[in-house]
Amino acid sequence: YLEDNLFLVIVTIACSVKELDWADYFIETQSPFLAKEFLTDTILICQSMVHFERKNYDEVLKNISQAQFKDAVHTLYAKLLQMQCYFELDEYDDLFYNLVKSLTLFVKRSSYFSEPYKETIYHFIKYANKLQTAKLSVDKKPNNYLEEIVGIQNIIKKQWLVEKAQELK
């Protein structure tokens, strides 16, 4: 069997280097080697990551809603993707801010994640929240979020945050 966390990491790396066709092929050909317990959730999350990179945000949200998450890692991946989709889509502002609160509590209460890893998630939540607020702001004041994000070493989904900060410059 292939461990589900390793499977997620492989697809994450493929998506980060924009090898989306390769990621699709990997998911299709290697998913039979996943343990049945996490098979459906892992496939749905991995397909959602590929859909996200292709900017198919509605498909991501549909996939996430179909999953029955059985562990903290799958739940975290799904919530982070969901937050990014809410950021990208119009008229999801309230859901975005509600997810910021619930994700923060989820991470805080989870004993599964180490404190240093929790810190990387908190940094993501903090800057995604700041960028969302700046994006919705009526008075478009200059900000230094790009420099702040670039300067942080321990943050997940940094590449996406940098892209969004550049768009708001």
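Student: Where is Cys15 found?

Tutor: Cys15 is found in helix H1, which covers residues 4–16. Keep in mind that we are looking at a predicted model.

Student: Why is Cys15 called buried?

Tutor: Buried means under 20% relative accessible area. Cys15 has 4% relative accessibility, so it counts as buried.

Student: What does Cys15 touch, leaving aside its neighbours within four places in sequence?

Tutor: Cys15 is in contact with Leu20, Met49, Val50 and Glu53. Take Met49 from that list: Cys15 and Met49 are 34 residues apart in sequence, and their C-alpha atoms are 7.0 Å apart in space.

Student: Let's turn to the whole chain. How many helices and strands does the protein have?

Tutor: There are nine helices and zero strands. Read from the N terminus, the order of elements is α-α-α-α-α-α-α-α-α.

Student: How do you know that the protein is as compact as a globular protein of that length?

Tutor: We set its radius of gyration against the globule rule. The rule gives 15 Å for 169 residues, and the protein has 16 Å, which is close, so we call it as compact as a globular protein of that length. Along its principal axes, the C-alpha trace spans about 50 × 35 × 30 Å.

Student: What share of the residues is buried?

Tutor: Buried residues make up 45% of the 169 residues. As for the surface, the accessible area comes to about 9400 Å², and 54% of that belongs to carbon and sulfur atoms.

Student: Which residues have the most contacts inside the largest nonpolar core?

Tutor: They are Val11, Met49, Met83, Phe124, Ile149 and Leu161, in a core of 55 residues. Helix H5, residues 72–88, gives the largest share of this core, with 11 residues. In soluble globular proteins, nonpolar side chains tend to be buried together.

Student: What does Met83 touch, not counting residues up to four places away in sequence?

Tutor: Met83 touches Phe96, Leu99, Val100, Leu103, Phe124, Ile125 and Ala128. Phe124 is also one of the core residues with the most contacts.

Student: Is His123 buried or exposed?

Tutor: The cut-off for buried is under 20%. His123 has a relative accessible area of 16%, so it is buried. You will find His123 in helix H7, residues 115–136. Not counting residues up to four places away in sequence, His123 touches Ile152, Asn154 and Ile155.

Student: Now a loop residue. Why does Lys55 count as exposed?

Tutor: Exposed means over 50%. Lys55 has 58% relative accessibility, so it counts as exposed. Lys55 sits in the loop between helix H3 (39–53) and helix H4 (57–66).

Student: What is the phi of Lys55?

Tutor: Phi of Lys55 is near 65 degrees, a positive value in a residue other than glycine.

Student: And why is Lys157 called partly exposed?

Tutor: Partly exposed lies in between the 20% for buried and the 50% for exposed. The relative accessible area of Lys157 is 28%, so the label is partly exposed. Lys157 is in the loop between helix H8 (145–151) and helix H9 (158–168). Lys157 has a positive phi of about 55 degrees, although it is not a glycine.

Student: How many positive and negative side chains does the protein have?

Tutor: The protein has 20 positive and 24 negative side chains, and the centres of the two sets lie 6 Å apart.

Key: Residues are numbered from 1 along each chain as its sequence is written. This is a predicted model: local features need pLDDT of at least 70, side-chain atom pairs count only at pLDDT 80 or more; totals for chains, interfaces and linings use all residues. Side-chain values use heavy atoms; hydrogens and water are left out. Helices (H or I, at least four residues) and strands (E, at least two) are DSSP runs, numbered from the N terminus. The radius of gyration is taken over C-alpha atoms; the globule rule is 2.2 Å times the number of residues to the power 0.38. Buried means under 20% relative accessible area, exposed over 50%, partly exposed in between (1.4 Å probe, protein chains only). Accessible areas come from the Shrake-Rupley method with a 1.4 Å probe; for residues, only the protein chains shown count as cover. Lys and Arg count as positive and Asp and Glu as negative; His and the chain ends are not counted. The place of a charge is taken as NZ of Lys, CZ of Arg, CG of Asp or CD of Glu. Contact means heavy atoms within 4.5 Å. A nonpolar core is a set of buried Ala, Val, Leu, Ile, Met, Phe, Trp, Tyr and Cys residues joined through side-chain atoms within 4.5 Å.
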